[in-house]
Amino acid sequence: MESEGNGAHDDLPPPPPVPPNVVPIRAEADVQQVKKKPMRTPIARKGLGSKGQKIPLLTNHFKVNVTGVDGHFYHYSIAIAYEDGRPVDGKGVGRKVMEKVHETYGSEFGGKNFAYDGEKSLFTVGALPSNKVEYNVVLEDISSNRNNGNASPDHFDNPNESDRKRLRRPYRSKTYKVQISFAAKIPMQAIGNALRGQESENSQEALRVLDIILRQHAAKQGCLLVRQSFFHNDPKNFADIGGGVLGCRGFHSSFRTTQGGLSLNIDVSTTMIIQPGPVVDFLIANQNVKDPYSLDWAKAKRMLKNLRVTANPSNQEYKITGLSEKPCREQTFELKQKGGKNGNGEAETIEVTVYEYFVNYRKIELRYSADLPCVNVGKPKRPTYIPLELCSLVSLQRYTKALSTLQRASLVEKSRQKPQERMTILTNALRNSKYDAEPMLRSCGISISSSFTQVEGRVLPAPRLKFGNGEDFSPRNGRWNLNNKKLVEPIKIERWAVANFSARCDTRNLIRDLIKIGQMKGINIEEPFDVFEESPQFRRAPAVVRVEKMFDEIQSKLPGAPQFLLCLLPERKNCDIYGPWKRKNLAEFGIVTQCMAPMRVNDQYLTNLLLKINAKLGGLNSLLAIERTPAMPMISKAPTIILGMDVSHGSPGQSDIPSIAAVVSSRQWPLISRYRASVRTQSPKVEMIDSLFKKVSDNEDEGIIRELLLDFYTSSGKRKPDQIIIFRDGVSESQFNQVLNVELDQIIEACKFLDEKWSPKFVVIVAQKNHHTKFFQQGVPDNVPPGTVIDNKICHPRNNDFYLCAHAGMIGTTRPTHYHVLLDEVGFSPDDLQELVHSLSYVYQRSTTAISVVAPICYAHLAATQVSSFIKFEESSETSSSHGGMTAPGPIPVLQLPRLKDNVCNSMFFC
């Protein structure tokens, strides 16, 4: 973020001297400017909720007792360099070097253990004898071995001397210089203060030290570390999810401050790794081909870059830098001759192919590598080639590209566990972790309980829903059924048509069933104007062309724009026609459209389809019974707009795909079931939304918020909202202050820009789903019931947060949503606010179930996903596997999204 004027002026030159004959005019102090805006911080908890039926629960937090509260952590910064003073930047070397330091100079540490973060920080309990010290250590043959067995020191079966030079063994031994210098002192008491609700820089640092101890503990056991999750190299934990990728099961563990004291949160965690073993097997699986001769080598090169392999028969470990230009039997290099010198006294060399060298000189049989490229493990200027079949991928290397739909489905299926199974796994994980034997934890006086923490939850009653014909209904177990029910506000579909992109199906029957089921739900659907079948000659054409041709056909035959187009796609999921089709309809013509892949069509499928169509065309499927009454807590009292905000990013390996910000807003107050969306692109990986307020001139604002407020005003009987309730998804605790001070400021500016005198009240709530707290019922195999809320014992010691499981967890273990109330100027009671959040899980128009997070946030996800399909972000950004792609410095102009046509931009097009 740009600095908000703080410290920005320190580096200006002094002002010029005032000439003697000039009397300075006193500037009118701009009072607004002088006052530094106070920083908003998250509000404290007002009290606990009491509504609902009490239920005893267990949670995967384990109580931590801390006795060493008087001591201090000492923080030292570490600088590791080679002998010649060049800094070491290789990952994985640091831990080895520091272990060696401890081994060699342990006595000089005063017998102290330390916690090292693998990079530049080291922590001890109590001070080291000296504030600044330098050590030299020698390390034999480094390869970042994560349990890679017994690497034989004889590299390639002891090849001859000239040969050894050519292969340029990774350095036999290296000397490192390690500088340890004092950086800071952190009182352990800070942890106790945080538990009493007084968080500080120190308390966060102290907890970070405890987390680093856990990481180091896992690193010593040869684990792969991913933030606070640890993965052991044990094939029992691997599950093949296709494409050469394995799901690897491990554990998350981190310390949390809670109302009940310090706790250790342990959970099952899954990451993706590259299938270890022969490189060629991985490539065949990754590209889904029959044999190595069908591989796309350009793709293989991108995929393999930076991965680590061991070479047979030496077991020496290397990092892949590329592939050879030519196949093994044609790729040559200069081989130095034994003892032979030429006229200049240099060793004589002869040119041999890699294949010849390995087969004739090294006597290694090669079965299939002759016609395949070699793996290059050398430097750009000095390549080192190894035949493909001698290379094996090392285990536990992360796969960071986006998963395909099939891979994701397979991962979910293979990694889910029923609640009881998960509890057993976690109990065993805690037992096997042997934290009680960790010397650093012992020196802090930390002991960890072995039993799950008991908490009291409350099950909130489900809100009553309203359907057609004035019918009311109470959902049971978080779901309801539309059999024999009419939708509360069904629409009429009069002018519509079907576009079939070569999907195999009986369109006549499909249309007949759709009309029949629509009738049962109260939707009157006329016969379609026509069914447009794609002409077979375009079936193989690019998606954009197919869409153009289809539209040419539709335009030539239809008398005017249809109200609605039903589009039949030839395949489920990820059909490449989807994006261009949506763009054409919404951004160019303003036509509501529904896509479907008619594979397994039954009445239930068509009912769900009609729920989406009805919502898109402006109907409503169901309402909360209290929505049109004055009984909605706080919302009925004054015009209230509800916003859902989310930013979605490309996958980790793609650094140049713009992030997409979506904000949805409620309309037609007092309703809280109707929404519209605004979607914009912004710089890649930026989490804060930057286009909420965009002043382009003195009276023009092109930001998102103005657009939403104007729609609220026109749709709510010319009323401005007095209350603005914001639900923000996808931000971590470290970003709460930015949401409160950067994003909220933009929203307030947008309001002031519309009307200087208008000061609405704000409520800001963050919803988090990627945390590691889970709840279990003791001795019951089922998940917690829908509507379960927890706001005691394991919530924040000071801040206003609660966990809610609004949905019925059908498979696996329910993941509760963690809501943090950062600001509440309206003055909700704990019960009213929890009830509002719970109710907003019941207004999702696409399903007949309560959903796990409030509907506005879900809609923001949907809108972002759909609008981002309008522009095909090129796949060119398949950057290297093990490191996120590097981008050139300097801001990249962000591709702007096309705007939706006026007649659809206020609709629920994203439904």
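Me: Are Y105 and Y135 buried or exposed in this predicted model?
Reply: Both Y105 and Y135 are buried. Buried means under 20% relative accessible area.

Me: How many aromatic pairs does a search of the whole structure find?
Reply: The search finds 24 aromatic pairs.

Me: What makes the pair of Y105 and Y135 stacked?
Reply: The ring centres of Y105 and Y135 lie 4.3 Å apart, and their planes are at 25°. Pairing needs centres within 6.5 Å, and stacking needs planes under 30 degrees apart. The pair is therefore stacked.

Me: Which parts does the pair of Y105 and Y135 tie together?
Reply: Y105 belongs to helix α2 (residues 93-105), and Y135 to strand β5 (residues 132-140). The pair therefore links parts that are 30 residues apart in sequence.

Me: Why is Q735 called buried?
Reply: Its relative accessible area is 19%. The cut-off is under 20%, so Q735 counts as buried. Q735 lies in the loop between β36 (723-729) and α17 (736-754). Leaving aside residues up to four places away in sequence, Q735 touches E687, M688 and G730.

Me: How do you know that K485 sits over the ring of F467?
Reply: The charged end of K485 is 5.7 Å from the ring centre of F467. The distance limit is 6 Å, with an angle limit of 35 degrees from the ring normal. K485 is listed as sitting over that ring.

Me: Why is one side of β23 and of β30 left without a neighbour in the sheet?
Reply: The open sheet has the order β23-β22-β30, with antiparallel pairing. β23 (472-473) and β30 (623-624) stand at the edges, each with a single partner strand, so one side of each has no neighbour.

Key: Residues numbered from 1 in each chain as written. Predicted model: local features only at pLDDT ≥ 70, side-chain atom pairs only at ≥ 80, totals over all residues. Heavy atoms only, no water. Pairing = 2+ DSSP bridges. Helix = DSSP H or I, 4+ residues; strand = E, 2+ residues; numbered from the N terminus. Buried < 20%, exposed > 50% of the residue type's maximum accessible area, 1.4 Å probe, protein only. Contact = heavy atoms within 4.5 Å. Phe/Tyr/Trp six-rings, centres within 6.5 Å; stacked < 30°, edge-to-face > 60°.
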